[in-house]
Amino acid sequence: MHAWATSEEVFVADRTNNPLRQGLVGERLPEPASIVIFGASGDLTKRKLLPALYTLACERMLPPSFAIVGFARKAMTDEEFRAEMKEACSKFARSRPLDPAVWDSFASGLFYQQGDYEDLASYQALKTRLATIDAQRGISGNRVFYLSTPPSTFPVAVARLGAAGMVDPQADRPFTRVIIEKPFGTDLSTAQTLNREVLGVLSEKSVYRIDHYLGKETVQNLMVLRFANGLFEPLWNNRYVDHVQITGAESIGIEGRGGYFEQAGILRDMVQNHLFQVLAITAMEPPVSTSADDLRDEKVKVLKALRPIPEGRFDEFVVRGQYRAGTVAGRRQVAYREETGVAPDSKRESYVALKIHIDNWRWAGVPFYLRSGKAMPKKVTEVALVFRGAPLRLFGETARVAPQPNVLAIRIQPDEGVSLRFGAKVPGNTMDIQPVNMEFRYGTSFGTEPPEAYERLLLDCLLGDQALFTRGDEVEASWKWISRIHKAWETERGEVEMYDAGTWGPDESDRMLLRDGHQWRRP
């Protein structure tokens, strides 16, 4: 880049599809565009999407020419929609309290369009409304359609967008991008069908399958930890790592979502998307670049290398559990089977633990243990690499306690940070060794609150960066491995293991690790 380049030339030249680059605000400014939120009357819009967009406006990361159009069946005027969103942003936006000047400017770009998801006339009316808004606000036709609707409407909405002439898979300018919420299918077959239906109307480059875990700051920092430091990557393999534990625990129960959870279960709700994404980033090879496809290529390789569980041996590698009544942080938690909408004899899992092998050169012989559950003692998501012991136990005879293994733990939520556990001599005349931790925490190190996941993901979509969104083959590869477990549960008569709410899961989960000489961490 020449020294005499203008600021606009610098901006264009430096805008790359790089999820690891932390650029200045000006470097991340997207083009003028309209975001259409299908399902605008729902909780996700109020709790996450509009608060995230308002925070981006506060941080001057949205262009001056910008519009947000809510689309739903509910009858509502623009003014009523703005009032609802103001209340939502007042409660849930990271940038609080509301700045009156910023809100007035932001609200001037908020609109509402009533319509039915299956009615083609509703889409044609939306198309006309968007053209009017474009003319008023100086937007040249760039569109982001966010499908925050029930999964059954995903293919319908995409088909109607195509029939109404609102998407052109061949056109780069003006751009059209479609964000599709999870779940993307419920098994391999439905995911493949949905991919075919969506890609029959859209091109892969315009489809943004969202998983908000990838927008979390610490998940992105996992890539930085590995690939921006010469210290860790040489140890990130089967020569030094004994096993890996990935935990996604929630302290709440199903919170009145019995009807949904009876159909989904924790394996679909948490593991197939969130924890498998964390697994893929933890295990992937260094990409040749940080472009979207190079990053996603490496994640897909990990998912394709997952060793299939042998037929008839699922109980050796999978533990499914369900919580009984108990106490979580002093709060009484009713049993899963006593929740509203749950069958009294339900076998739906509220907890699952998996033992997974990745058959490639880096990870051959290293077990990855994944667990996720409801009604756990605390809410925590972390990745822990447990390292092999020293080749010679030099202090084995003199130390009162055998040295514990070194552990590198990446805390994704809450208290985002990284800790390294190693052994140190206790002061005194005896050779006592005690584990100690070195810790890094975002809050204390940077003195700032990490952005919400939806802030990052919405901004990346506006910028056309797909690196933190899942690709079609990636979704199918994860479902291919997961769907065999569901099929085995449907055909085999195995009982679900029970555990008390407020504990770390069923005893069988502990026994699965003990058979390998390991034990779960207590985060």
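Start by selecting C58: this residue is partly exposed, with a relative accessible area of 25% (buried means under 20%, exposed over 50% and partly exposed in between, with a 1.4 Å probe and protein chains only). The model is predicted, so local features need pLDDT of at least 70 and side-chain atom pairs count only at pLDDT 80 or more, while totals for chains, interfaces and linings use all residues. Residues are numbered from 1 along each chain as its sequence is written, and side-chain values use heavy atoms, with hydrogens and water left out.

C58 lies in helix α2, residues 43-58 (helices, H or I of at least four residues, and strands, E of at least two, are DSSP runs numbered from the N terminus). Leaving out residues up to four places away in sequence, C58 touches S95 and V102 (contact means heavy atoms within 4.5 Å).

Next, show the open sheet of six strands, in the order β3-β2-β1-β4-β5-β6 with parallel pairing (two strands pair if DSSP finds at least two bridges between them). Its edge strands are β3 (110-114) and β6 (207-209), each pairing on one side only. Within the sheet, select β4 (143-147) and β5 (176-180), which pair in the parallel sense over five bridges. Which residue stands opposite F145 in β5? It is V178.

Helix α6 (154-163) packs on this sheet, touching β1 (33-38), β4 and β5, and its direction makes about 155 degrees with that of β4 (axes are lines fitted to C-alpha atoms, for helices over the stretch in contact, and angles run from 0 to 180 degrees between N-to-C directions).

Now move to helices α8 (217-227) and α9 (258-283), whose axes come within 9 Å and cross at roughly 10 degrees. That makes α8 roughly parallel to α9 (a term for angles under 35 degrees). To see the contact, select V219, L222, M223 and R226 of α8 with V278, I281, T282 and A283 of α9.

The last stop is strand β8 (318-324), where six of the seven residues are buried. β8 pairs with β11 (351-357) in the antiparallel sense over four bridges, and G321 stands opposite Y351 in β11. With β17 (497-500), β8 pairs in the parallel sense over four bridges; here select R324, which stands opposite D500.

Methods. Angles under 35 degrees count as roughly parallel, over 145 as roughly antiparallel, 65 to 115 as roughly perpendicular and the rest as oblique.
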